[in-house]
Structures are given as structure tokens and as C-alpha cells.
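Open the model in your viewer and keep the sequence panel beside it. The stops below say what to select and what is there.

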Amino acid sequence: MAVRPIRLFGDPVLRAPSATIDVIDDGIRSLVQDLLDTVELPGRAGVAAPQIGVGLRAFSYNIDGDIGYVLNPVLTEVSGEPVLVGEGCLSVPDLWHETLRYPWARVVGVDLDGNELVLEGEGLMAQALQHETDHLDGMLYISRLSPEERKVAMRRIRESSWF
């Protein structure tokens, strides 16, 4: 299929909650392939459908060479004490901020055949599961920053060449 361009901060699709996928058809299969193609590029841990302009609940991930996807994911469980971890986002290029994330997370969704799919993990996988489900709820990671850090991030965004 295709590597799709990433939508950037300011695009309304990034702030809108994504719709549930009700029917798995050729369009959804094509979306999944585009998500997989797009996440395979170096330096990408995850890509949510809104980041490629599609307001549906789906994302792909690429964690330590393990590449996959999930449809209609719901973050069902997190555990441990939240810790600050370095985080960036393809939709907010060139920014990196310490963000509070739980060290372990579980997402439940379905695959292209409608079978239940459970993704869980710690470290980068936990961070990606939380980050990507945030995207599907219309939230960017900069919304999770402390007020002081958010001010810094917003200033850097306004001063960036891409904004």
C-alpha cells in the first residue's frame, strides 16, 4: 500500500476522538496496511490512524522490531507508579519532553478477523500503548506535560519551521 504523510500539530483530526470501527472491510484492511507501512520507517514506535488523517480507532506499533496493529483498542489496565520518561511524537516533530507514563500497560482490541487481540508490556511498549490510545482519544502527549513544560513546548512549536 503506502507510507502516508504524518499530520502535524494544529490539524483538527489530531484533537478529535476517533470513531469505533464497526465493519472490517477492504477499506479497513487498506488502512491497516498503510499504518504498518508508515510505522516501519526507522525511529517510529507507533502510528495512530488520526496521524495519517483517518479518524478511526486503529494504530500500528514497531517495538524492538515487533511490528503489529490493533483495531478498536481500549487501554484496559496500567500498573506501577507513573514515572517520567522521555517522549516525542511524529505529529509534534523535533520536541522531546519528560512525560508521566505507567511502566506497564495492556490494550484490548481486535484484529482484521474480528478476533480479540491483547497487547501488553512494559517500558517502551507500555509507553507506546498509552501514547497511541491517547491519540485515538484526541489527546497529544504535550497535554500531559506539567504546565511549565507545556509552556516551553508550545513556545518551541510556535517557533518551529513546520508550524
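Select Asp34 to begin: Asp34 is buried, at 8% relative accessible area (buried is under 20%, exposed over 50%, partly exposed in between, with a 1.4 Å probe and protein chains only). This is a predicted model, in which local features need pLDDT of at least 70 and side-chain atom pairs count only at pLDDT 80 or more, while totals for chains, interfaces and linings use all residues. Residues are numbered from 1 along each chain as its sequence is written, and side-chain values use heavy atoms, with hydrogens and water left out.

The side chains of Arg4 and Asp34 form a salt bridge, 2.9 Å from N to O (a side-chain nitrogen of Lys or Arg within 4 Å of a carboxyl oxygen of Asp or Glu). Arg4 is in the segment before helix H1 (26–39) and Asp34 is in H1, so the pair ties together parts 30 residues apart in sequence. Helices (H or I, at least four residues) and strands (E, at least two) are DSSP runs, numbered from the N terminus. Arg4 itself is partly exposed, at 26%.

The whole structure has 9 salt bridges. For another, select Arg7 and Asp11, whose side chains meet at 2.9 Å, N to O. Asp11 is buried at 19%, whereas Arg7 is partly exposed at 34%.

Next, select Asp134 and Arg144. Their closest N and O atoms are 2.6 Å apart in a salt bridge. The pair links distant parts of the chain, with Asp134 in helix H2 and Arg144 in the loop between H2 and helix H3 (147–159), 10 residues apart.

Select Ala45, Gly46, Gly88, Cys89 and His131, the nearest to its centre among 16 lining residues. Strand E4 (83–89) and helix H2 (124–136) each give two or more residues to this lining, and H2 gives the most, with 5.

Finish at Gly109, in strand E6 (residues 104–110). Gly109 is buried, at 6%. Which residues does Gly109 touch, not counting those up to four places away in sequence? They are Val70, Leu71, Asn72, Pro73, Asn115, Glu116 and Leu117, where contact means heavy atoms within 4.5 Å.

Note on methods:
1 Å grid on protein atoms, 1.4 Å probe; cavity = no way out; pocket = protein on both sides within 12 Å on 5 of 7 lines; lining within 4 Å.
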